[in-house]
Amino acid sequence: MRSQRGSSVIEVLVAAVVAVGVVLGLTIFFLTTLRVGKYVDAQAALQRQGSAIADELGRQLRLVDGTPQVEDAATVTPVCLPLTATPSAASTTNDPVLVIPGAAGAVTCYYRDTSTPPQLRRCTRAAAGNDCAPAANLFSGSLVPLSATAWSVTVVTPCGALNGTCQGTPTVCTIAGESCGVVPGANIVFTVSAGTNHAETFGLAIVANRH
């Protein structure tokens, strides 16, 4: 009887250890699956939003009514700046602003809001002296919180499109026969982040015509 009772206690202990191991294994598996699922969802949302923004920029540049410009704090006669004219923290930026001219003197301004967390924004200035508003957030509608960790934009010239440089006065391209005049288009690169280890860089180069 004592031998049978001792065996039963050992069996119970072994069964308990096995049960704990199974529960622990299932818990780890569940947490790992959850973590992987969140990573996949975040990456999918990031790619979807970044691609949508790149598509919008490309569409706007293809339909541009004039020549796009790039503004920064050193621009002598800015069109979009100062964004602080709009009473919103979303108007703060230390980065270059892409200016896309529209009909009747209106302009659309794309920029990176450099407050925390940094966002990509778009606003419209209907006429000189008007506020650039509303400051629409291009990350709006994303399934996960996103931030813009980098943003750069430069205008396009036929010379630059072929990796040439414009030098001298008057300005001449280092590639014979190529123009240094700005044409409809721009080079845009921006990085979107969905948190640690979730970042992707998107870029587009649009040139409507070379001459």
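**Reading the disulfides and the sheet**

Author: Let us start with one bond in this predicted model: C123 and C132 are joined by a disulfide, with their sulfur atoms 2.0 Å apart.

Reader: What is a disulfide, in general terms?

Author: In general, the word stands for a covalent bond that links the sulfur atoms of two cysteines. In this structure there are four disulfides, and when the bonded cysteines are counted along the chain, their pattern reads 1-2, 3-4, 5-7, 6-8.

Reader: Is the disulfide of C123 and C132 left-handed or right-handed, and why?

Author: The torsion about the S-S bond decides this, and for C123 and C132 that torsion is about 90°, so the disulfide is right-handed. Both C123 and C132 are buried.

Reader: Which cysteine is joined to C80 by a disulfide, and which hand does the torsion about the S-S bond of C80 and C109 give?

Author: The partner of C80 is C109, with an S to S distance of 1.8 Å. Here the torsion is about -90°, so the disulfide of C80 and C109 is left-handed. C80 sits in the loop between β1 and β2, while C109 belongs to strand β3 (residues 107-113), so the pair ties together parts that lie 29 residues apart in sequence.

Reader: Why does C80 count as buried?

Author: The cut-off for buried is under 20% relative accessible area, and C80 has a relative accessibility of 0%, so C80 falls under that term. C109, with a relative accessible area of 0%, is buried as well.

Reader: How should I read the link of C166 and C180, left-handed or right-handed?

Author: The sulfur atoms of C166 and C180 are 2.2 Å apart in their disulfide, and with -110° about the S-S bond this link is left-handed. C166 lies in strand β7 (residues 166-167) and C180 in the loop between β8 (172-173) and β9 (183-193), so the pair ties together parts that are 14 residues apart in sequence. At 34% relative accessibility, C166 counts as partly exposed.

Reader: How do the strands of a sheet pair?

Author: In general, strands of a sheet pair through backbone hydrogen bonds, and the pairing is either parallel or antiparallel. In this structure, five strands make up an open sheet with antiparallel pairing, in the order β1-β2-β3-β4-β5. Its edge strands, each of which pairs on one side only, are β1 (69-71) and β5 (136-137).

Reader: How many bridges join β1 to strand β2, and what is the bridge partner of E71 in β2?

Author: Three bridges join β1 to β2 (residues 97-101), and these two strands run antiparallel. The bridge partner of E71 in β2 is V97.

Methods:
Residues are numbered from 1 along each chain as its sequence is written. This is a predicted model: local features need pLDDT of at least 70, side-chain atom pairs count only at pLDDT 80 or more; totals for chains, interfaces and linings use all residues. Side-chain values use heavy atoms; hydrogens and water are left out. Two strands pair if DSSP finds at least two bridges between them. Helices (H or I, at least four residues) and strands (E, at least two) are DSSP runs, numbered from the N terminus. A disulfide is a pair of cysteine sulfur atoms within 2.5 Å. Buried means under 20% relative accessible area, exposed over 50%, partly exposed in between (1.4 Å probe, protein chains only).
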